[in-house]
Amino acid sequence: MKKIIFLICFLTAVHLSAQDYKFHATFIYNFTKYIQWPPSYNQGDFVIGVVGDCELIDYLNTLAQTRKAGNQSFKIIKYNSPGEINNPPHIVFIPKTQSSKLPIVLGKVASGSTLVITEEAGLGKQGSGINFVFEGGKPRFELNLDATNAARLKVSSELQRLATVI
């Protein structure tokens with residue numbers, strides 16, 4: 001009986017995690033409509049990097065097949081470690097399992113205009129531009145305007161109204 005209860009809890013957690021990443025992918029795509037990168041970032045592919053193994057990559061790749069960021073095609077890159085980030089991408093996502101690597105990622109992208117997105121409580125205040133959180137059981141996101149301004153990103157007032165600005 002304990003094994004069955006454990007299995008049900010595990011499968012529920014896996015399902016919720018998959019739903020979270022589907023939500024994240026949709027929001028990340030929509031963030032590209034409400035954030036303006038410097039002109040030099042409007043050429044070539046729109047690059048989204050993900051640090052480590054994460055189901056988000058599959059959802060982003062699915063969206064990348066049919067959608068664009070303005071006139072740019074999406075390119076999704078998996079970084080096994082922050083050390084692989086050579087050219088700062090437009091967006092880099094750090095899953096909860098890689099949260100401890102936020103300072104290293106911030107150092108790797110400091111020279112560029114990269115939106116750093118995380119998903120663990122407190123990381124918005126530690127320097128990520130957007131941090132996914134759950135408040136009252138509902139998915140929300142925090143927006144760190146100091147971090148986005150430092151990255152030379154212009155965040156629309158519409159996106160600011162939807163976020164919890166920190």
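Predicted model: local features only at pLDDT ≥ 70, side-chain atom pairs only at ≥ 80, totals over all residues.
Residues are numbered from 1 along each chain as its sequence is written, and side-chain values use heavy atoms, with hydrogens and water left out.

## Overall fold

The chain contains five helices and 10 strands, where helices (H or I, at least four residues) and strands (E, at least two) are DSSP runs numbered from the N terminus. Of its 166 residues, 43% are buried; buried means under 20% relative accessible area, exposed over 50%, and partly exposed in between, with a 1.4 Å probe and protein chains only. The chain exposes about 9,200 Å², of which carbon and sulfur atoms supply 55%, the areas coming from the Shrake-Rupley method with a 1.4 Å probe, and for residues only the protein chains shown count as cover. Among contacts (heavy atoms within 4.5 Å) between residues at least 6 apart in sequence, 59% join residues at least 24 apart.

## Pockets and cavity

Rolling a probe the size of a water molecule over the atoms shows where empty space is left. On a 1 Å grid over the protein atoms alone, a cavity is a set of points where a 1.4 Å probe fits but cannot get out, whereas a pocket is an open set with protein on both sides within 12 Å along at least five of seven lines; lining residues have an atom within 4 Å of a point. Grid points are joined across faces, edges and corners, and a volume is the space filled by probe spheres set on the points.

| Space | Volume |
|---|---|
| Largest pocket | about 330 Å³ |
| Second largest pocket | about 170 Å³ |
| Largest cavity | about 40 Å³ |

The largest pocket, with about 330 Å³ of space, is lined by 16 residues, and D20, Y21, H24, K96 and E119 are the closest to its centre. Helix α1 (2–34) and strand β7 each supply at least two residues of this lining, and α1 gives the most, with four residues. By class, the lining of the largest pocket has seven nonpolar, three polar and six charged residues; here Ala, Val, Leu, Ile, Met, Phe, Trp, Tyr, Cys and Pro count as nonpolar, Asp, Glu, Lys and Arg as charged, and the others, Gly among them, as polar.

The second largest pocket is lined by 15 residues, with L106, V109, T114, A147 and A151 lying nearest its centre. Two or more residues of that lining come from each of α3 (102–109), β6 (115–118) and α4 (145–150), and the largest share, three residues, is from α4. The lining of the second largest pocket divides into nine nonpolar, six polar and no charged residues.

One cavity of 30 Å³ or more is held in the structure. The lining of the largest cavity is formed by Y29, I48, L60, L63, A64, F74 and I76, with α2 (56–64) and β4 (72–79) each giving two or more residues. Helix α2 gives the most, with three residues, and the lining of the largest cavity has seven nonpolar, no polar and no charged residues.

## Two buried strand residues

N131 has its place in strand β7 (residues 130–135) and is buried, with a relative accessible area of 0%. The side chains of N131 and T118 are joined by a polar contact of 2.7 Å, a term for a pair of N or O atoms within 3.5 Å in which, within protein, one must be able to donate a hydrogen and the other to accept it, and residues adjacent in sequence count only if both atoms are side-chain atoms. Leaving aside neighbours within four places in sequence, the contacts of N131 include T118, E119, R140, F141 and E142.

I117 lies in strand β6 and, at 0% relative accessibility, also counts as buried. Beyond its neighbours within four places in sequence, I117 is in contact with I28, F31, I91, V92, F93, I94, I130 and F132. The C-alpha atoms of I117 and G129, 12 residues apart along the chain, are separated by 6.0 Å.

## Two loop residues

R152 is found in the loop between α4 and β9 (154–155) and is partly exposed, with a relative accessible area of 42%. Phi of R152 is near 60°, a positive value in a residue other than glycine. Most residues other than glycine have a negative phi.

G83 is found in the loop between β4 and β5 (91–94) and counts as partly exposed at 46% relative accessibility. G83 and V51 are 32 residues apart in sequence and 9.9 Å apart in space, C-alpha to C-alpha.
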